[in-house]
Amino acid sequence: MWAHSMTVQDYQDLIDRGWRRSGRYVYKPVMNQTCCPQYTIRCRSLQFQPSKSHKKVLKKMLKFLAKGEISKGNCEDEPMEPSMEDAVAGDMALINKLDLQCDLNLQESLEREVKKKGKSTKKEESNEFIQSQDKNEELGSGEPSHAVDVHTAPKPGKGADLSKPPCRKAKEIRKERKRLKLMQQSPAGGPEGFQAPREPKTKPNQPKSLEELIFESLPEDASHKLEVRVVRSSPPSSQFKATMLESYQVYKRYQMVIHNHSPDEPTVSQFTGFLCTSPLEPENPPNGPDCGYGSFHQQYWLDGKIIAVGVIDILPYCVSSVYLYYDPDYSFLSLGVYSALREIAFTRQLHEKASQLSYYYMGFYIHSCPKMRYKGHYRPSDLLCPETYVWVPIEQCLPSLENSKYCRFNQDPEAADEGRSRDPDRLQVLYKKAILPYGVFKQQQREPGEEAAVLQYASLVGQACSERMLLFRN
């Protein structure tokens, strides 16, 4: 559907029913019919702990900023297949690949401007965020999406050799050697008067938080300076207007190098229509984040120039990642992964002011596409049940997805969609500049197929949104 205007609460409710936007175009996959079911995925940002691979990306950025070091063997794309220890995303050029293909194709059919090739998958002028590089709940690294423990029967053998001492850990052997050495150095020459050294009572090593890793202090003579600025894109703030052409040039170069687009595309209007315009109405409630709610661009400035832009929506309960593009010359910094980690940290920052805002939405998780599985390794994360629209931990969903592309994640067979359309006649219609309930509207219409289309719309958006949003009928 084409959204001319939409409140952030309505869009929050829609993405919690499997919808997604591309510019003003808002769409929902037909999950039980599509070849590649796309499940909405969210990360519980407050409990997120970076994996080893995430830490490597952050350390790589710090080394580059501090000393200008460029890690070898990390240019262009990163490996997309997860390792057994912890799988991680490849370049963010691939983060929302299938999302964008779907987004662009749908938008092209409406605007007839953008060709069928593309990928898809933040402060008001006086309140612009600038996150300088100067500036915990523990969770293990993500498991592989199809991890299965294989238990094999032990092979028959003779068992342990009782004539030899039992095996001991190397740590125990070192402790024993140290004790014997201290005994030999003792004045008594033996155990009398000897006090064995105590094991220091240290707390187990606490992993560094995401913020500690990102904002680790740099030397005064650092080679580079990185700033992250959040500017409102719709309606465009003065900061956004001042940097829009530079941002467009980064996007154009990204499309040419990464996606092999011709130099004459995309046009400025295509760029703004896809990545800048938004149906979301800006809101600045007193109990909300300082930047307010709505659509933003998170700009990554390196030494005074834009090298990457993350397109995000700030909603009542989440930060929703829309898209990311970057200067291909900086592919070696793994800006896709780095930006995702920065967006998770940003979500946590917004939560300090807006307590309900605690989730990071990553778009769609497509288990049937191996290159899209890495989204599930930003743990802990949940997938949206396509039938009852409840959130289910991804660990509980993966076994089912191994057996079937399309799955109902809610294990209660009696559970139903609590937000389903119960009274379509209360649906609000905008007709001839007048607002009227569908129950009245349908008495004036006898168009074939009209009722079926309206009822389908009601079932997909749910009762609450159908009563708040206005369905335009011509």
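**Figure 1. Crossing of helices α6 and α7 in the predicted model.** Helix α6 (residues 238-259) and helix α7 (residues 268-275) have axes that come within 11 Å and cross at roughly 95 degrees. Axes are lines fitted to C-alpha atoms, for helices over the stretch in contact, and angles run from 0 to 180 degrees between N-to-C directions. Helix α6 is therefore roughly perpendicular to α7; angles of 65 to 115 degrees receive this description, whereas those under 35 count as roughly parallel, those over 145 as roughly antiparallel and the rest as oblique. From α6, Met244, Ser247, Tyr248 and Tyr251 meet Val268, Phe271, Thr272, Phe274 and Leu275 of α7, contact being defined as heavy atoms within 4.5 Å. The residues of this contact of α6 with α7 comprise 7 nonpolar, 2 polar and no charged. Ala, Val, Leu, Ile, Met, Phe, Trp, Tyr, Cys and Pro count as nonpolar, Asp, Glu, Lys and Arg as charged, and the others, Gly among them, as polar. Helices (H or I, at least four residues) and strands (E, at least two) are DSSP runs, numbered from the N terminus. The model is predicted, and local features need pLDDT of at least 70, side-chain atom pairs count only at pLDDT 80 or more, and totals for chains, interfaces and linings use all residues. Residues are numbered from 1 along each chain as its sequence is written, and side-chain values use heavy atoms, with hydrogens and water left out.

Figure 2. The 16 residues of helix α2 (residues 52-67) should span 22 Å at 1.5 Å a residue, and the end C-alpha atoms are 22 Å apart, which agrees; the expected span is 1.5 Å times one less than the number of residues. The buried residues of α2 are Ser53, His54, Val57, Leu58, Lys60, Met61, Leu62, Phe64, Leu65 and Ala66. Buried means under 20% relative accessible area, exposed over 50%, and partly exposed in between (1.4 Å probe, protein chains only). The buried residues of α2 pack against α5 (210-214), β5 (226-234), β6 (294-302) and α8 (335-351). Just after α2, Gly68 adopts a positive phi of about 75 degrees.

**Figure 3. Contact of helix α2 with helix α8.** The axes of α2 and α8 come within 10 Å and cross at roughly 100 degrees. The two helices, α2 and α8, are therefore roughly perpendicular to each other. His54, Val57, Leu58 and Met61 of α2 make the contact with Leu335, Val337, Tyr338 and Leu341 of α8. The residues of the contact of α2 with α8 divide into 7 nonpolar, 1 polar and no charged.

**Figure 4. The bend in helix α11.** A straight helix of 19 residues would span 27 Å at 1.5 Å a residue, but helix α11 (residues 450-468) spans only 20 Å between its end C-alpha atoms. Helix α11 bends by about 115 degrees at Gly462, the bend being the angle between axes fitted to the seven residues ending at a residue and the seven starting there. Among the buried residues of α11 are Glu450, Val454, Val461, Gly462 and Cys465. Packing partners of the buried residues of α11 are α1 (8-15), β12 (428-431), α10 (438-444) and β14 (471-472).

**Figure 5. Tyr457 and its contacts.** Tyr457 is found in helix α11 and, at 11% relative accessibility, counts as buried. Not counting residues up to four places away in sequence, Tyr457 touches Met1, Leu427, Met469 and Leu471. The C-alpha atoms of Tyr457 and Leu471 are 14 residues apart along the chain and are separated by 8.9 Å.

Figure 6. Most residues other than glycine have a negative phi, and most peptide bonds are trans. A cis peptide bond joins Ser234 and Pro235, with omega of about -5 degrees; Pro235 lies in the loop between β5 and α6. The bond from Arg379 to Pro380 is also cis, with omega near -5 degrees, and Pro380 lies in the loop between β9 (359-365) and β10 (381-384). Asp303, which is not a glycine, has a positive phi of about 50 degrees. Asp303 is located in the loop between β6 and β7 (305-314) and, at 45% relative accessibility, counts as partly exposed. Ser334 has a positive phi near 50 degrees and occupies the loop between β8 (318-326) and α8. Ser334 is buried, with a relative accessible area of 0%.
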